[in-house]
Amino acid sequence: MIAITRLYYTQPWLQELETRIVSQHEENGRHVVVLEETIFYPTGGGQPHDLGTLNGVPLLDVYETEGAVHHVLPQPLEETEVRAVLDWPRRLDHMQQHSGQHLLSAVFQDEYGYKTESFHLGAEYCSIDITAPLLSSEEQQGAESRANEVIFQDLPLLTYTLNPDERGEVPLRKIPDLEGPLRIVEIKGFDYSPCSGTHVEKTGQIGLLKILRTEKYKGMTRVYFLCGNRAFGDYQRKHEICTKLGALLAVPEGELEQRVLLELERRKEVERMVEELKAELLGMQAERITAEQGPYFVELPGASIEEAQGLARSILSLTEAVVVINLGERLILAHNLAAGPGLGQLVKEKALPLGGRGGGSPTGAQVYFSDPGKLEEFLNVLKQEICAKIGE
Ligand SMILES: [Zn+2]
């Protein structure tokens with residue numbers, strides 16, 4: 001076992017380090033380096049690994065095995081002396097989310113008795129699963145307010161090791177089934193959790209905690225939240241959205257909701273009017289078309305199936321005839337003649353062999369062609385069939 005100094009525990013704000021290589025080897029085309037000391041946290045305890053550079057070469061991964069921290073690089077290092085530089089925004093983000101999680105879990109347990117069963121820290125979101133079958137909005141807001149109170153109190157976070165016989169001396173939030181010494185992270189006097197991650201030094205460095213939403217999950221509640229810079233970024237984004245919407249609708253932020261409701265009401269009214277006018281227009285079109293003798297072959301490119309069917313109904317309400325409406329790739333067929341052609345049968349016998357898809361009843365059918373040439377071909381067949389039938 002190689003003794004290495006884990007500076008991410010003792011100096012979590014250290015961002016640069018001069019150290020030396022202990023060993024270096026190749027593994028599946030990647031180069032794995034072990035250092036005398038390290039500032040890079042390896043994946044573990046629910047917290048993703050750090051990133052950064054060794055002599056300017058970017059780290060691909062950091063993991064721990066056999067008691068040593070392994071730094072994975074795309075190429076070997078030539079020198080023995082190493083300058084390590086931490087990707088600080090990433091580390092700070094992890095420390096803010098992770099410390100915020102301890103705080104939020106403690107608040108849910110102390111205020112409402114809900115225990116935290118699991119924690120997720122991802123690039124997109126953070127969440128905890130708490131043992132609440134249902135979380136009320138009062139509880140959610142209460143927990144969020146209480147967590148931010150503790151942030152503003154700026155309590156210190158302490159880390160120390162407890163030997164097995166000392167476990168009873170502090171009110172541990174959770175007893176892990178691990179033997180040997182336990183690393184404890186304490187939010188001073190407020191929360192005592194066994195944890196191997198990195199944390200901020202005072203709750204004030206969490207900055208801000210915001211719960212975004214909750215959902216039911218396996219009989220529990222999954223709580224999505226943001227801390228620190230993520231919460232600040234979220235606030236900036238949302239403030240910009242509100243400001244833009246306010247400018248677009250020409251109202252102050254406080255009146256946005258009322259104004260949007262009003263606009264939605266207006267849109268519904270406009271949609272009702274459009275529907276009425278469409279029906280009126282269809283009636284007028286039907287009157288113009290039926291001024292002449294049927295059968296009627298109508299071109300209506302770009303119209304919807306519903307519009308075409310509406311026009312066919314309007315025409316047949318005025319006269320007895322056969323109607324064929326061409327939508328471009330689709331034909332709508334209908335008639336109300338006592339002895340008219342069997343339209344569904346016609347489609348089946350004449351259109352399907354040409355590659356058309358569709359069908360229908362004797363008095364109403366539709367057919368779709370992906371090939372416009374075939375649609376024209378079927379349309380010609382249809383004209384002959386209908387004229388022959390009506391001529392009988
Ligand atoms: Zn932790």
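Good morning, colleagues. Please bear in mind throughout that this is a predicted model.

I begin with the aromatic residues. The structure holds seven aromatic pairs. In one of them, tryptophan 13 and tryptophan 88 place their ring centres 5.1 Å apart, and because their planes meet at 50°, the pair is tilted. Where do these two residues lie? Tryptophan 13 belongs to the loop between helix H1 (7–10) and strand E2 (16–27), while tryptophan 88 belongs to helix H2 (residues 88–112), so the pair ties together parts that are 75 residues apart in sequence. The two partners can also be described by their accessibility. Tryptophan 13 has a relative accessibility of 28% and therefore counts as partly exposed. Tryptophan 88, with a relative accessible area of 14%, is buried, because the limit for that class is under 20%.

A further aromatic pair is formed by tyrosine 112 and tyrosine 114; this one is stacked, with 6.2 Å from centre to centre and 20° between the planes. Tyrosine 112 is partly exposed at 29% relative accessibility, and tyrosine 114 is buried at 12%.

I turn next to charges over rings. Arginine 222, for its part, lies over the face of tyrosine 217, 3.7 Å from the ring centre.

The largest nonpolar core comprises 51 residues, and Leu54, Leu103 and Phe108 touch the most other members. Helix H2 supplies the largest share of this core, namely eight residues. The core also draws at least three residues from each of domain 1 (5–86) and domain 2 (92–236). What does leucine 103 contact, leaving aside its neighbours within four places in sequence? Its contacts are Ala147, Val150, Ile151, Ile187, Phe190 and Ile206.

Aspartate 177 sits in the loop between strand E12 (157–162) and strand E13 (182–187). Its relative accessibility is 81%, so aspartate 177 counts as exposed. Between the C-alpha atoms of aspartate 177 and proline 133, which are 44 residues apart along the chain, the separation is 26 Å.

Thank you for your attention.

Technical notes. Residues are numbered from 1 along each chain as its sequence is written. This is a predicted model: local features need pLDDT of at least 70, side-chain atom pairs count only at pLDDT 80 or more; totals for chains, interfaces and linings use all residues. Side-chain values use heavy atoms; hydrogens and water are left out. Rings of Phe, Tyr and Trp (its six-membered ring) pair if their centres lie within 6.5 Å; planes under 30 degrees apart count as stacked, over 60 as edge-to-face and the rest as tilted. Helices (H or I, at least four residues) and strands (E, at least two) are DSSP runs, numbered from the N terminus. Buried means under 20% relative accessible area, exposed over 50%, partly exposed in between (1.4 Å probe, protein chains only). A charge sits over a ring if NZ of Lys or CZ of Arg is within 6 Å of the ring centre and within 35 degrees of the ring normal. A nonpolar core is a set of buried Ala, Val, Leu, Ile, Met, Phe, Trp, Tyr and Cys residues joined through side-chain atoms within 4.5 Å. Domain bounds come from an automatic or database domain assignment. Contact means heavy atoms within 4.5 Å.
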